[in-house]
Each structure stands twice: as structure tokens, then as C-alpha cells.
Amino acid sequence: MDAGVEAIVDRIPADWDPNVLELAQLRHNVCAGYKVEANIQQTISRALLLTRARPFARVLQDAEGGSAEDCLDLGQRLFVGYGAPKDQDTALEYWRRIVDPTHPRYLSAGVSRSSRARAHCCISRYWFDRRIVGRDEWNIVSLYRAALNADLAASLGLIFPNVLFVAKIIESSGFRRPEDNRFPQHSTKRFERLETLWAVADQRKRELEEENRRRDRKVAKAPLAYMCAAQGCGIEGTKKAALLQCAGKCPRDQKPSYCSKECQKQDWKRHKLICKPSSTAGSSETPQQDTSLTAKPELPDEFSAAHFNPAGMECRLDMPMPDGSTVNFASKTMSPAFMKEMREHAIEKLSDR
Ligand SMILES: [Zn+2]
Ligand SMILES: [Zn+2]
């Protein structure tokens with residue numbers, strides 16, 4: 001091991017707090033096909049298993065021994081500060097070994113296409129994070145490096161969420177077409193030339209449009225299954241299974257769905273009239289056992305922070321925007337309660353203005 005490597009090992013405290021969520025999210029964004037559902041619980045347990053099986057020092061040793069997979073893994077751990085203090089510049093160096101022939105430790109042989117694509121995607125993420133340098137001031141060199149590496153990853157035939165995200169931001173900032181350019185001091189020419197990136201971005205747009213049309217048709221058939229029935233809640237499920245259905249004896253065509261047990265409780269006074277036709281108003285304040293909800297998997301205790309959506313099912317909520325419009329915000333990782341909290345903050349902030 002050379003001195004630089006030893007320095008990294010020396011800085012690892014014995015009781016280093018594992019930054020496992022960030023590592024899991026990074027891995028999902030730069031290493032998983034874009035169609036892989038974001039299941040945070042699963043990604044976290046996988047990240048934990050992997051890192052327990054392969055401690056940092058071991059990965060470091062094998063990365064130094066010339067394993068591209070370990071260079072990728074090591075870079076990701078350093079990027080988020082998992083198992084060692086955060087060091088993104090060193091992370092970049094390990095990823096460059098996989099794809100950059102000018103790097104002194106370039107791995108010229110035996111590197112798979114998938115490792116190269118993932119390394120490009122990691123490098124894209126590194127530069128993308130460095131695009132904003134000030135208020136309304138962008139570092140165009142960093143932005144271009146992010147775009148180029150996303151394009152190179154896509155050219156290897158693998159499309160990761162981060163590739164699509166980078167394409168989306170660059171397009172919406174006006175760098176894809178000269179007529180959209182918001183930064184006239186910078187030319188968009190080299191961005192326009194990233195043909196593979198724009199091809200996969202357009203392909204994804206068409207897929208999303210088709211997915212939305214399919215969803216709209218399903219929602220039209222069974223609207224109650226996609227919308228939390230509690231008054232004022234506003235949470236919608238992208239899929240039927242994202243919400244919990246009342247398991248009581250209410251008629252099938254009026255069966256309500258809820259985003260949470262709290263919402264079910266809140267709605268019970270109204271709903272019990274059709275769910276338990278014999279009961280009189282006010283006789284029961286909470287749902288009975290026979291009206292329990294269909295179960296969602298629970299997170300292990302150590303990760304049961306209230307803002308996670310353990311099942312990884314996408315929920316949607318209309319969020320008010322400063323310009324008076326609303327945006328339908330969707331998340332697979334946030335819990336409905338946390339999304340509503342965000343909406344409350346947004347409303348509060350807007351009313352302060
Ligand atoms: Zn709700
Ligand atoms: Zn019911």
C-alpha cells in the first residue's frame with residue numbers, strides 16, 4: 001500500500017457511523033437499471049450485507065490490487081463517507097482508474113462493459129454535484145463533464161437513473177437546444193452533440209407518457225383505490241398497492257383506501273356508517289379489528305425513521321408552488337406523512353411572503 005492509501009486507512013475511526021442510506025441511494029442511482037424499483041428497505045439491507053461481508057480495508061486492498069468492481073465500490077463508500085471519512089476527490093480517482101487511459105493506475109485489461117458504464121455514471125454524478133458555483137452561476141465545464149460521462153454510460157448500453165436525471169436537468173436548463181439557452185454567454189454546441197444521451201432521454205419520455213396514459217385508464221376504472229379517502233389528505237398512489245384498502249365489510253364499489261392508519265382513524269367516523277351498517281354514529285371512535293388494513297412490510301427498527309416509505313410504493317401529492325401553480329410531486333422513498341409535512345411547510349412559507 002502506498003502512503004496515500006495508508007492515510008485513508010489511518011483516518012477510519014473504529015466506531016464510524018455507517019452512512020448506509022446515502023450509500024444505498026447512490027448505488028441505486030448510479031448502478032441499477034432505471035426500471036429497477038427504488039426499494040429503500042431492500043437496498044439498505046443489501047448494502048449492509050455487502051459491507052459487512054467486505055469491510056472497507058478489504059475493498060481498499062482489492063481495489064489497489066486492480067479489481068475494477070472494488071474501485072467502483074471503494075469510490076462509492078468514499079463519496080458518501082461510508083466506512084471512512086467522506087473524500088469525493090479520492091473517490092473520483094478510483095473511478096477514473098476504470099475509464100480514463102490517462103490515469104497512471106488505469107486498468108487497461110479485464111474490465112467489463114458494465115463496470116465501465118457504472119464508473120462513467122459515478123463520474124457524471126461527481127461533476128454534476130459541482131455544477132452550481134453561485135447564485136445563478138453555473139460551472140459549465142463541470143456540467144459538460146457530467147453530461148459527457150452520462151452520454152458515455154448510455155453509449156455502453158446501460159441506462160441508470162442518474163443518466164436520465166442529468167439529461168433532464170441539462171435539457172430544462174436550456175443546454176440541449178440553442179433556442180432554449182438561458183446562459184447566452186455559454187455555447188450549447190457540445191451539449192447538442194451528445195446524441196446517445198438525448199436519444200435515451202426521449203425514449204424515456206415516451207415510456208413515461210405511455211405509463212401515465214395506462215395509469216389514467218386504471219384510475220378512471222377504480223378511482224377510490226388510488227386516492228386516500230381521508231378529508232384534506234390528498235395523497236394519491238401511483239399504483240393501487242401503494243395505499244391500504246379498508247378490509248372491513250363495506251361494499252366493494254365504495255371501499256376506501258388510505259395512505260396511513262392515521263388517515264383511516266381520522267376517516268372512521270364518516271366511513272363506519274357504510275362499513276358497519278348496524279353501528280350508530282359515535283358508538284365507536286376507532287376502526288374495529290375486522291376493518292384492519294391490508295398490511296405493508298415494516299422496516300427493521302434501526303431504520304424506522306418516520307419519513308421513510310418502507311414499502312417503496314410511489315405516492316403523489318399536489319404541492320403549492322411560489323408562482324401559484326401546483327406540482328404533482330411523486331416519491332417512492334418518502335412516507336405519506338413526511339410528504340404532507342413538506343406540503344405544510346410549503347404552505348406556511350408561501351403565506352409568509
Ligand atoms: Zn391520507
Ligand atoms: Zn370499510
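Helices α6 and α7 are roughly antiparallel to each other, because their axes cross at roughly 150 degrees and angles over 145 degrees count as roughly antiparallel. The two axes come within 9 Å, and the crossing is left-handed. On the α6 side the contact is made by Gln88, Leu92, Trp95, Arg96, Ile98 and Val99. Helix α7 contributes Ser115, Arg116, Ala119, His120, Cys122, Ile123 and Tyr126. This description, like everything that follows, refers to a predicted model.

A second pair of helices can be read in the same way. Two packed helices are described by the angle between their axes and the distance between the axes. For α8 and α9 the angle is about 135 degrees and the axes are 9 Å apart. That angle makes α8 and α9 oblique to each other, and α8 passes α9 in a left-handed crossing. From α8, the residues in the contact are Leu143, Ala146, Ala147, Ala150, Ala153 and Ala154; from α9 they are Val163, Val166, Ala167 and Ile170.

Leaving aside residues up to four places away in sequence, alanine 146 touches Ser124, Trp127, Phe128, Arg131 and Val166. Alanine 147, with the same exclusion of residues up to four places away, touches Val166, Ile170, Phe191, Leu194 and Leu197.

In soluble globular proteins, nonpolar side chains tend to be buried together. Here the largest nonpolar core has 54 residues, and those with the most contacts inside it are Trp95, Ala147, Ala150, Ala153 and Val163. Helices α2 (20–31), α4 (56–64), α5 (68–80), α6 (88–99), α7 (113–128), α8 (140–155), α9 (161–172) and α11 (195–221) each supply at least two residues of this core.

Another buried position sits in a loop. Serine 260 is found between β5 (257–258) and α12 (261–275). Serine 260 is buried, because 20 other C-beta atoms lie within 10 Å, and 20 or more is the requirement for that label. Beyond residues up to four places away in sequence, serine 260 touches Pro336 and Ala337. Serine 260 and alanine 337 are 77 residues apart in sequence, yet their C-alpha atoms are 7.9 Å apart in space.

The next element to follow is a sheet. Strands of a sheet pair through backbone hydrogen bonds, either parallel or antiparallel. In this open sheet three strands stand in the order β3-β6-β7, and the pairing is antiparallel. Strands β3 (236–237) and β7 (326–331) stand at the edges with a single partner strand each, so one side of each is left without a neighbour in the sheet. Strand β6 (residues 315–320) is joined to β7 by six bridges. Helix α13 (residues 336–352) packs on the sheet and touches β6 and β7; the direction of α13 makes about 5 degrees with that of β6.

The pairing of β6 and β7 can be traced residue by residue. Methionine 319 has valine 327 of β7 as its bridge partner, and proline 320 stands opposite threonine 326 in β7. The hairpin of β6 and β7 has five residues between the strands, and in this hairpin glycine 324 takes a positive phi near 95 degrees. Of the six residues of β7, the number buried is zero, so β7 lies largely in the open.

Finally, some totals place these parts in the whole. The protein chain has 13 helices and seven strands. Of its 353 residues, 32% are buried. Among contacts in the chain with a separation of 6 or more, 59% are between residues 24 or more positions apart.

How values were computed:
Residues numbered from 1 in each chain as written. Chains lettered and ligands numbered in written order. Predicted model: local features only at pLDDT ≥ 70, side-chain atom pairs only at ≥ 80, totals over all residues. Pairing = 2+ DSSP bridges. Helix = DSSP H or I, 4+ residues; strand = E, 2+ residues; numbered from the N terminus. Contact = placed C-beta atoms within 7 Å. Axes fitted to C-alpha atoms, helices over the stretch in contact; angles between N-to-C directions. Buried ≥ 20, exposed ≤ 12 C-beta atoms within 10 Å, placed from the backbone. Core = buried A, V, L, I, M, F, W, Y, C linked by C-beta atoms within 7 Å. Parallel < 35°, antiparallel > 145°, perpendicular 65-115°, else oblique. Left-handed = near helix turned anticlockwise from the far one by under 90°.
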